Amino acid sequence: MKLDVLYFARLREALGRDRESLEVPPQVRTVADLRAWLITRGEPYAVAFGEIRRIRAAVNQSMATDDTALIDGAEVAFFPPVTGG
Amino acid sequence: MPVRVQTEDFDAGAEIARLRAGDPRVGAVASFIGVARDINDGSAVATLTLEHYPGMTEAALEDICAQARSRWNLLDLLVVHRVGEMKPLDQIVLVVVTSAHRGEAFAACEFVMDYLKTEAPFWKKEVTPQGTRWVDARETDDAARDRWAQPAAGQRA
């Protein structure tokens with residue numbers, strides 16, 4: 001499955017990238033699976049996802065939860081808690 | 001277009017006038033303006049930079065406006081949120097709600113801001129004398145949003 005993965009704010013800076021196109025293995029089915037798989041890729045993912053608290057996710061530009069399912073071609077974003085307004 | 005994300009400043013008076021122009025049903029206009037402060041968490045703030053998630057931001061704000069419309073009998077709604085670099089005294093966000101009576105306009109305006117603070121993908125970064133830092137989310141903002149989950153919180157009877 002191919003995913004477009006985006007990162008914002010503190011997480012974007014910690015990873016040194018704002019987006020990447022990733023081919024993920026078949027066991028990656030949900031947001032939680034993707035996060036775990038990214039961390040297994042080592043640095044900078046392990047440190048960034050470990051140090052930034054309460055990272056949230058969106059799938060196809062809608063707020064998602066850990067068990068939100070991923071589909072081929074989805075746009076998945078990870079980011080810290082929002083601070084607008 | 002009830003939602004705008006822009007780098008330019010806004011003129012609240014002109015926005016309000018445009019929103020209620022020619023609509024004699026409007027009996028109440030409630031508005032909120034969020035402004036950049038000079039001090040945050042004990043540090044002087046020189047500049048504030050707002051990052052967002054283009055596309056999702058607009059969708060999230062439109063969804064919040066739709067939720068407000070479903071909870072209260074509103075005539076119109078407007079949200080303008082700035083992005084990019086700002087300084088203390090600058091305006092950041094404008095919410096305007098029109099309705100027939102004040103109770104609905106007041107409640108909906110506060111509801112939109114409480115949800116915007118916790119659900120719309122914006123992030124603030126500050127430049128202070130101690131360096132550059134990302135602003136941390138506040139738990140009090142989550143608590144403010146969660147009040148609306150209780151059915152009695154400011155809703156129509």
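1. In this predicted model, the side chains of A:Arg54 and B:Asp142 meet in a salt bridge at 3.4 Å, N to O, where a salt bridge is a side-chain nitrogen of Lys or Arg within 4 Å of a carboxyl oxygen of Asp or Glu. The count between chain A and chain B is 5 salt bridges.

2. The contact (heavy atoms within 4.5 Å) takes 21 residues from chain A and 26 residues from chain B. By class, the side of chain A that touches chain B has 10 nonpolar, 5 polar and 6 charged residues, with Gly counted as polar and Ala, Val, Leu, Ile, Met, Phe, Trp, Tyr, Cys and Pro as nonpolar, while Asp, Glu, Lys and Arg are the charged ones.

3. About 2000 Å² is buried between chain A and chain B, and carbon and sulfur atoms give 51% of that area; buried area is the accessible area (1.4 Å probe) that two parts lose on being put together, summed over both.

4. Strand 5 of chain A has 5 of its 5 residues buried, that is, under 20% relative accessible area (1.4 Å probe, protein chains only). A:Glu75, A:Ala77 and A:Phe79 point one way from this strand, and A:Val76 and A:Phe78 the other way. Strands are DSSP runs (E, at least two residues), numbered from the N terminus.

5. Strand 5 of chain A pairs (at least two DSSP bridges) with strand 3 of chain A in the antiparallel sense over 4 bridges, and A:Ala57 stands opposite A:Phe78.

6. Residues are numbered from 1 along each chain as its sequence is written, and chains are lettered from A in the order in which they are written. Local features need pLDDT of at least 70, side-chain atom pairs count only at pLDDT 80 or more, totals for chains, interfaces and linings use all residues, and side-chain values use heavy atoms, with hydrogens and water left out.

Methods
Buried < 20%, exposed > 50% of the residue type's maximum accessible area, 1.4 Å probe, protein only.
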